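User: I'm new to this one, could you walk me through it?
Analyst: Gladly; here it is, and we can begin with a term.

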Amino acid sequence: MRLINDFFTIRQQEAQDGKLSYIIELNADHLIYTGHFPGQPVTPAVIQMQVVQELLEYHLRKSLFFQRLPVSKFLHILNPQLVSHLHVHIAYQVEESGIKVKATGEQYSIIFFRLSAEFIFLD
């Protein structure tokens with residue numbers, strides 16, 4: 001299931017020298033939130049990781065596969081009713097074996113997630 005343009009929409013983007021910055025808008029009415037959790041929506045950690053992957057795929061115009069996740073920290077609950085817009089920062093380095101990534105999701109200096117990941121190209 002693709003999340004882009006359904007679970008989230010890109011509102012602003014910047015890219016330069018291996019660094020990406022996005023402002024995305026979360027869809028608080030998305031089906032994911034009906035089960036996670038009714039009346040108290042929480043964005044699942046795996047969905048936050050998928051957002052990073054899809055933003056990177058969007059920029060690179062290539063499909064990626066999550067290979068490793070050496071570091072993942074989810075520091076605050078990401079409730080789409082309280083946080084409708086999220087700033088996602090991605091620093092990446094393309095290597096022979098794939099891409100190494102460091103990413104954060106934040107709003108107004110509150111960091112919701114921080115992760116380091118490695119991806120391989122699928123195409």
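Analyst: Two strands pair if DSSP finds at least two bridges between them, and strands (E, at least two residues) and helices (H or I, at least four) are DSSP runs numbered from the N terminus. This is a predicted model, where local features need pLDDT of at least 70, side-chain atom pairs count only at pLDDT 80 or more, and totals for chains, interfaces and linings use all residues. Residues are numbered from 1 along each chain as its sequence is written, and side-chain values use heavy atoms, leaving out hydrogens and water.

User: Ok, which residue in β4 is the bridge partner of Ile24?
Analyst: The partner is Leu86, and β2 and β4 pair in the antiparallel sense over seven bridges.

User: And in what order do the six strands run in the sheet?
Analyst: The open, antiparallel sheet has the order β1-β2-β4-β5-β6-β3. β1 and β3 (64-74) are at the edges with a single partner strand each, so one side of each has no neighbour in the sheet.

User: Switching topic, how many residues are in the largest nonpolar core?
Analyst: That core has 32 residues, and Phe7, Ile24 and Val101 are among those with the most contacts inside it. Such a core is a set of buried (under 20% relative accessible area, 1.4 Å probe, protein chains only) Ala, Val, Leu, Ile, Met, Phe, Trp, Tyr and Cys residues joined through side-chain atoms within 4.5 Å.

User: Which element gives the largest share of this core?
Analyst: α2 does, with six residues.

User: What does Val101 touch?
Analyst: Leaving aside residues up to four places away in sequence, Val101 touches residues including Val52, Leu56, Ile90 and Phe119, where contact means heavy atoms within 4.5 Å.

Terms used: Buried < 20%, exposed > 50% of the residue type's maximum accessible area, 1.4 Å probe, protein only.
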